[in-house]
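Come along as I look things up, one entry at a time.

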Number of protein chains: 2
Amino acid sequence: MAQKPAIPKGTRDFTPVEMAKRNYIFDSIKAIFLKYGYQPIETPAMENLSTLMGKYGEEGDKLLFKILNSGDFLAKADIDALKEKNSIKTTTQIADKGLRYDLTVPFARFVVQHQNNITFPFKRYQMQPVWRADRPQKGRYREFYQCDVDVVGSNSLINEVELIQIVDDVYKALKINVLVKMNNRKILSGIADIIGQADKIVDITVAIDKLDKIGIQKVNDELIQKGLPREAVDKLQPIINLSGTNQQKLDTLKTVLKASETGLKGVAEMETVFSYLQNINVTTKVELDLTLARGLNYYTGAIFEVKALDMEIGSITGGGRYDDLTGVFGLRNVSGVGISFGADRIYDVMNQLDLYPKESIVSTRLMFVNFGQREAMYSLQALQKVRNAGINAELYPDAAKMGKQMNYANKKEIAFVAMAGENEIQQGKLTLKNMHSGEQQLLSVEEVINIIG
Amino acid sequence: MAQKPAIPKGTRDFTPVEMAKRNYIFDSIKAIFLKYGYQPIETPAMENLSTLMGKYGEEGDKLLFKILNSGDFLAKADIDALKEKNSIKTTTQIADKGLRYDLTVPFARFVVQHQNNITFPFKRYQMQPVWRADRPQKGRYREFYQCDVDVVGSNSLINEVELIQIVDDVYKALKINVLVKMNNRKILSGIADIIGQADKIVDITVAIDKLDKIGIQKVNDELIQKGLPREAVDKLQPIINLSGTNQQKLDTLKTVLKASETGLKGVAEMETVFSYLQNINVTTKVELDLTLARGLNYYTGAIFEVKALDMEIGSITGGGRYDDLTGVFGLRNVSGVGISFGADRIYDVMNQLDLYPKESIVSTRLMFVNFGQREAMYSLQALQKVRNAGINAELYPDAAKMGKQMNYANKKEIAFVAMAGENEIQQGKLTLKNMHSGEQQLLSVEEVINIIG
């Protein structure tokens, strides 16, 4: 009985056209990472569960794909837990390994494990799939690619500046219009300091984020409702109403945060970054946005998020600075900063806005028609010359009907077809057909190479 | 408590230098696949276990990495099997998915699943990791890459010829001297036909393979010992002693196999392939080797194996023609032929013979020394011009001691260092240091680009 073939839900196959599009994105990003001195690493798909568990919160632990131990995996399992069908207790007894959930934890593990062979500051990029047992839905997959670029072992704000340059370069190369939003965890800490409400920072940013939609009065109501004292809400007014240029915002913050050393440090960091950006040619708009608070417990300095301007979609790139990523694996005081490009969302944006250059999708440029063994032999010799000239070309392998062969060339979007029958062979030439215009010419191989190369 | 970081046994991290070497191999192979009109596909790391089980024999089923179902996976498990700790019975009750074991079965599944969107003949390549729970040992990993190239939906022997051309091109590009061994399953079937011992084909090829080491007498003894009648062994003598050129071997086989239609068909196929090869410029030696019998039950025509000549290592590429790969998934009568390049063994050969071009390993070409904020600003502007000229370059992010910065450049094998201090800034120039010769020159950015670009 034949099986009806299918793949696990939330996973995808990639056809040649989809691969060409993805590779266009990956190659564009990769070239820019290299241009800035970042080098690739790769880590195994499987990590020890001890490396992964507890790093992504309780929900994350559940969403990790766990790999069943090989052999007689039940031998070491607790019999009582099995009898009770206690899945939670049994999991770690029968599974030692899990699939990578992101690239950040494996990177931290890598840095610690290879610390003696790494030259710091260590600038690395990593483009690999990750797996999450999330409920699949439109745009959310159980296997998807992340493209991370990080530098660890340097406190310099030049790294933040270069990451913004990378964002600028990548999205210019891909022709996606974007806005970079930036914030600084130290500013958020400063705000919490001056109003004495450190634990309310998330509530505050969530409420401020609604200003445009609901207005200042309702924002204030929400803050009161979340338990902020009236006095604290009053102190927050200049921050909620923050507007103007980045410099104007920073000037306001300097006044408001003057009692918080941390807050002022955050403001100074932002000023330094903006001052660098003004002096180099970064045309992508970078906007200070105090409502930006992604991964708050994780980041310690700059926070970045990139939004596509011509399409409604979540953030397509994000990241920030973290001061103790490797601490959990035993290497303290290594500061790092990095961003992650969401390849799948970028893919969706590029598709919807139709931003792929046509030549990025087509691979074969020339197809030789197959008229039979003798003609094929002649074509194979011509093919070698064409390929040696760096042109992707193929001979239809079977002496099938002309219509079938031409249909194949059309489906593969091959631009030119070469024909070598009796007549061409006698003259040592080829008939070249331009599949777009229909024009045919009798040419030598060298002429063909000149025309299509 | 900090965890001591480690990765699962049999898996590896890849550092930037290792990645550069691997990418050199992958990129070289990929460019050649494209040149021959093959297009990439990718399939998910996870496949349904129903797709994978039973395809690799009993041993293969054991070596599949299985993925624990998410959530309360024990709920659907048989309580009696759990009480007995019956791992085998429990496995498929708690795991629906497994990691890809090779690229062939996922490819067959892909072809059947997407048959209505595929234009046949379908020429695809696929370069992805596979996972096997094998006992790890030197050169054998639990995660490793395969680079497969196959064409399905064409019976033409031109495909076999082109695969040999691809082998020829790939190993010339990588500068590895190789020998291609070729056989044909139909010839082996013919041999079994004429001696009436179809089930002994593996024993026969294994024994013949020892001829050089143990001599004809001991080969014959071994055949008798394996249960071949004396008469059959007598009939085999011309085949065991087969020598000379490919054509001489084929001439002998034509005589010996004259009673076997299948055998003669195999001989004719080989003659056709060799005749094509003689007419095109394939300089890699292709040798008919009757002892080649890899995956016997699987292949139906040509069988290939590639050996490196300058290093003792197993086969570095192999494959063949199969007539019913997709049958198990419900699509019959689709013939295909393909080969698989063993990236990890190729990596070992390239390392041992030191075949990497130096420029393939280095990524950053120029580093700017960081003398402080003002100088860094100046350097960042120069850097932009250098990068826009397509040169990979970086600024050391911190104003660290000169020795530390130079050490970083040395460790990263950066060829040139640029310095911009007070003096250079006043003149609008840079001091360029050649890290190899030690030579220093005062130059404009444009001159730097000309020299190092």
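Predicted model: local features only at pLDDT ≥ 70, side-chain atom pairs only at ≥ 80, totals over all residues.

**Entry 1: a buried pair in chain B**

I started with Lys186(B), which counts as buried because its relative accessibility is 14%. What does Lys186(B) form a salt bridge with? The partner is Glu269(B), and the closest N and O atoms are 2.8 Å apart. I placed Lys186(B) in helix α8 (residues 185-195) of chain B and Glu269(B) in helix α13 (residues 261-279) of chain B, so the pair ties together parts that are 83 residues apart in sequence. Glu269(B) is buried as well, with a relative accessible area of 13%.

**Entry 2: where the two chains meet**

Next I turned to the interface. I was reminded that the size of an interface is often given as the accessible area lost when the parts come together. For chain B and chain A that comes to about 9500 Å², with 58% of it on carbon and sulfur atoms. Chain B brings 111 residues to the contact and chain A brings 112 residues.

I then checked the polar side of the interface and found 49 residue pairs in polar contact between chain B and chain A, both residues at pLDDT 80 or more. On the side of chain B that touches chain A, helix α15 (residues 373-388) of chain B gives the largest share, nine residues. That side of chain B divides into 52 nonpolar, 38 polar and 21 charged residues.

**Entry 3: salt bridges across the interface**

How many salt bridges does the rule find across the interface of chain B and chain A? I got eight, and over all chains the count comes to 47.

I looked at Arg109(B) and Asp13(A), whose side chains meet at 2.6 Å, N to O. This pair crosses between chains, with Arg109(B) in helix α6 (residues 104-113) of chain B and Asp13(A) in the segment before α1 (16-35) of chain A. Arg109(B) counts as buried at 0% relative accessibility, and Asp13(A) is buried with a relative accessible area of 9%.

Then I followed Glu394(A) to Lys123(B), a salt bridge of 3.5 Å, N to O. Glu394(A) lies in strand β13 (residues 393-395) of chain A and Lys123(B) in strand β5 (residues 122-131) of chain B, so the pair joins two chains. Both ends are buried: Glu394(A) has a relative accessible area of 0%, and Lys123(B) has 3%.

Glu162(A) and Arg387(B) form another salt bridge, with the closest N and O atoms 3.0 Å apart. I found these two again in a network of salt bridges that links Lys123(A), Glu162(A), Arg387(B), Glu394(B) and Lys412(B).

At the N-terminal end of α5(A), Asn86(A) is the cap, with a side-chain oxygen 3.3 Å from the backbone nitrogen of Ile88(A).

Helix α16 (residues 402-411) of chain B came next, and there Gln405(B), Met406(B), Tyr408(B) and Ala409(B) are buried. These fall within an arc of 155° seen down the axis, so they line one face of α16(B). On the other side of α16(B) I found Gly403(B), Lys404(B) and Lys411(B) exposed. The buried residues of α16(B) pack against β5 (122-131) of chain A, as well as β12 (366-368), β13 (393-395), β14 (416-419) and β15 (430-434) of chain B.

**Entry 4: a threonine in a loop**

My last stop was Thr291(A), in the loop between β8 (285-288) and β9 (302-308) of chain A. Is Thr291(A) buried or exposed? Thr291(A) counts as buried, because its relative accessibility is 17%. Its side chain makes polar contacts with the side chains of Asp289(A) at 2.6 Å and Asp209(A) at 3.4 Å.

Key
Residues numbered from 1 in each chain as written. Chains lettered and ligands numbered in written order. Heavy atoms only, no water. Contact = heavy atoms within 4.5 Å. Buried area = accessible area lost by both parts, 1.4 Å probe. Salt bridge = Lys/Arg side-chain N within 4 Å of Asp/Glu carboxyl O. Polar contact = N/O pair within 3.5 Å; in protein donor to acceptor, adjacent residues only side chain to side chain. Helix = DSSP H or I, 4+ residues; strand = E, 2+ residues; numbered from the N terminus. Nonpolar A, V, L, I, M, F, W, Y, C, P; charged D, E, K, R; others polar. Buried < 20%, exposed > 50% of the residue type's maximum accessible area, 1.4 Å probe, protein only. Arc of directions from axis to C-beta.
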